[in-house]
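Dear colleague,

Please find the structure below, handed over for your records. My findings follow directly after it.

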Amino acid sequence: MNRPFSDRPGDALSIVNVSRREFLKTSALTGFVLAAGFPALLKADETASPQTPAKYGADAMPHGWIDDPLVFVAIAADGTVTIVCHRSEMGQGVRTSLPMVVADELEADWARVRVEQAPGDEVRFGNQDTDGSRSTRHFFLPMRRVGAAARRMLEAAAAAKWRVPIEEVRAELHQVKHLPSGKTVGYGELAKAAAKLPVPERDTLRLKAPVEFRYIGKGQSDIYDGADIVAGKAQYGIDIRLKGMLYAVIARPPVFGGRLKSYDASAALNVKGVVKVVELPGSPPPAEFNPLGGIAVIATNTWAAIQGRAALKIEWDAGPHAGYDSSAYQAELEAAARQPAKVVRQQGDVGAALKSAAKRVEAEYYVPHLAQAPMEPPAATARIGNGRCEVWACTQAPQLSREKVAKWLKLPEDKVAVHVTLLGGGFGRKSMPDYVIEAALLSQAMAGKPVKVTWTREDDLHHSYYHTVTLDRLEAGLSAEGKPLSWLHRSASPSISSTFVAGSKLPMPVELGMGVINVPFAIEHLRIETAEAEAHTRIGWFRSVSNIPHAFAVQSFVAELAAAAGQDHRDFLLALIGPPRKIDPRGLGDHWNHGESPERYPIDTGRLRRVIETATRDAGWGRALPKGQGLGLAAHYSFVTYVAVVAEVAVGADGKLSIPRIDIAVDCGPQVNPERIRSQIEGACNMGVSLTTQGEISFKNGAVQQDNFHAYQIARIDDAPREIRVHLLPAGDFDVPLGGVGEPGVPPIAPALCNAIFAATGQRIRHLPIKDQLESA
């Protein structure tokens, strides 16, 4: 269990610099206020004007960044260095990578570093939304400054101790050395003296040159939580135990928007261990982050609560979405995509170019709803007492959890503490704090006793915030020589905005900026349209978000065009991208650009070309393969990172698919922790394989049809690629801006696999998941 932040051990550096503190305070108060209930990830900076220039990166996020060493570093008398991690760890390695950056600049011995998880408090720690592949990208420089400032304070303390000029001392691996004499003093001996010194001003700090890095870029530091995770000692949200704790599960409306008509709890109350049955209020749409309501069964253990829930007799009013049916809805999306729709990007005359084309190609691609399905379902524990509420939760958004719990309990935010546990996977689901609010409400119903709410696997699959269902229709015209002359892309999908704005039917710029509106193709006639689509369930964000269906459609269609032109796919794709150049995404209609500066992060087609060239070269593109085997290529730009994938597949006579190898080339700029990058790309690859081959959430009569992993399958060992080879392109130096890593690996997997299947069999997969499409061919 995480200890309260105020209870951290050792002698904290406690220097106060008034001007610096005032600066930080001012930044926090005047910076960035999260619009009520609207996800920060999905908000573009729309406030830019000549008087207020646009903000990007961490500057544009709620509460921005903090680089105060007093907030992030404590040094004990025995020399133990405690570094606070303010982002949530869900397997991506952030509790290693960000503290490692601090430790490097601090010249700390990694073996003597411990990491403490920050509670939800953005004013104190800076933005804590762990999403959007932004943790390292946004906090690399602030964390470097944290370490450098603390190092400088220790050096100043040593210089004062020896009465020598500070230029004669140098921090080096957990001690400070007097260069002329060679004498040394450990960090633990200096901590108290350093605490009496001012924090150096930011512009006076000396950041290390890359050649001096001890850990950054090496990928050799142990994973901070690795031993505990492997040994089963790590504590996740679902593991929390408090004295006198009660356990709850909740029966929720089976159809989104449904209401409770009546219930009989008498049988449930007769189940041994059941303590109480509590009705939770529902919330009118939009769904926002609100709990779905329902009937909670509270017991002395989780099993009794589950048994009690099964004994409930409940009658539901299914509500307005009772008729939601995935098959019928797919037909609706197809019909919408076949009609002219709202134009969101246009250049040239697509209609005339299509009419004059020697060959016209058209295709439709469908991706169903997906569930994040983390191995650890949502879980939260709450305890209320003395006008305060404490929460322990596996959450990607502790600050949002704090805000919402305070609102529902009608408490001031400073009376709510959210302790962040490790997350057993998140993939976007745990950014929504509905389950945290449930725990708080049930603790309130039990007079403040600690109550843990556990979502079963079935609960999670039935009541998630699903990745949207999408239908993309593309049309293109080719010249007699096979050159693409025109490109028409019409996309239809319920928007995430529907979860926050009732009746919303069109995608937001941020969704269009994920691989639709910003395709960097050198083609004269191009039009992008988006059709209206009504949501019938909670739509949320899923790792890589809208990039998944858009990459699948665009990169599959490019392969289809190459085949229609009779050209090699790789050569066709490179020709379509055109010569190396830097494109301002605003010129393509993308005003979001993954939240980053269009000047600092233009779309660099040279980098896109290089990942394609690297992946195809290292995969042996063009090599002869036995019958039934093939190579498929796809490339995609997302979260300001460039990724290309070459998949090798084998399809047996019985339609059985196997994946001997996948090569993935990644250009994410400077690599802070290469080993963590490789791990995330490998994980993204397996997730991409899962959603391509098996992933589907379908609805019938308004309810989800899948119950557990037997029906919503994740790739097993036999399904996974036999070999995943990750090729990280060198960035040159650390002056190049960082790209995201957690999400960009997913989008190109599906089209690469399906393109490889086409190469192996001649069968084109346009609807995901593949499931038995090969076996039935």
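In this predicted model, helix α17 (residues 569-577) and helix α18 (residues 605-619) have axes that come within 10 Å and cross at roughly 175°. Since angles over 145° count as roughly antiparallel, α17 is therefore roughly antiparallel to α18. On the α17 side the contact is formed by Arg570, Leu573, Leu574 and Ile577, and on the α18 side by Thr605, Leu608, Arg609, Ile612, Glu613 and Thr616. By type, the residues of this contact are five nonpolar, two polar and three charged.

Helix α9 (residues 302-311) has a buried group made up of Ala304, Ala305, Gly308 and Arg309. These residues lie on the same side of α9, because they span an arc of only 140° around its axis. What do the buried residues of α9 pack against? Their partners are the strands β8 (246-251), β10 (274-280) and β11 (294-299), together with the helices α8 (266-269) and α14 (457-462).

Two single residues may also be of interest to you. Arg151 belongs to helix α5 (residues 135-162). Its relative accessible area is 4%, so Arg151 is buried. Beyond its neighbours within four places in sequence, Arg151 is in contact with Glu105, Leu106, Glu107, Ala171, Arg206, Leu207 and Lys208.

Val741, by contrast, is placed in a loop, between β29 (724-728) and α20 (749-761). With a relative accessibility of 14%, Val741 is under the 20% limit and therefore counts as buried. Residues up to four places away in sequence aside, Val741 touches Ser133, Cys668, Ile677, Gln680 and Ile681. Val741 and Ser135 are 606 residues apart along the chain, yet 9.5 Å separates their C-alpha atoms.

Finally, a word on confidence. The mean pLDDT of the protein chain is 93, and 94% of the residues score at least 70. Residues 1-46 are another matter: pLDDT stays under 50 there, although the model has 112 contacts beyond four places in sequence for this stretch. Where pLDDT is low, the predicted coordinates should not be read in detail.

With kind regards

Key:
Residues are numbered from 1 along each chain as its sequence is written. This is a predicted model: local features need pLDDT of at least 70, side-chain atom pairs count only at pLDDT 80 or more; totals for chains, interfaces and linings use all residues. Side-chain values use heavy atoms; hydrogens and water are left out. Axes are lines fitted to C-alpha atoms, for helices over the stretch in contact, and angles run from 0 to 180 degrees between N-to-C directions. Helices (H or I, at least four residues) and strands (E, at least two) are DSSP runs, numbered from the N terminus. Angles under 35 degrees count as roughly parallel, over 145 as roughly antiparallel, 65 to 115 as roughly perpendicular and the rest as oblique. Contact means heavy atoms within 4.5 Å. Ala, Val, Leu, Ile, Met, Phe, Trp, Tyr, Cys and Pro count as nonpolar, Asp, Glu, Lys and Arg as charged, and the others, Gly among them, as polar. pLDDT is the predictor's confidence in each residue, from 0 to 100. Buried means under 20% relative accessible area, exposed over 50%, partly exposed in between (1.4 Å probe, protein chains only). The arc is that of the directions from the helix axis to the C-beta atoms.
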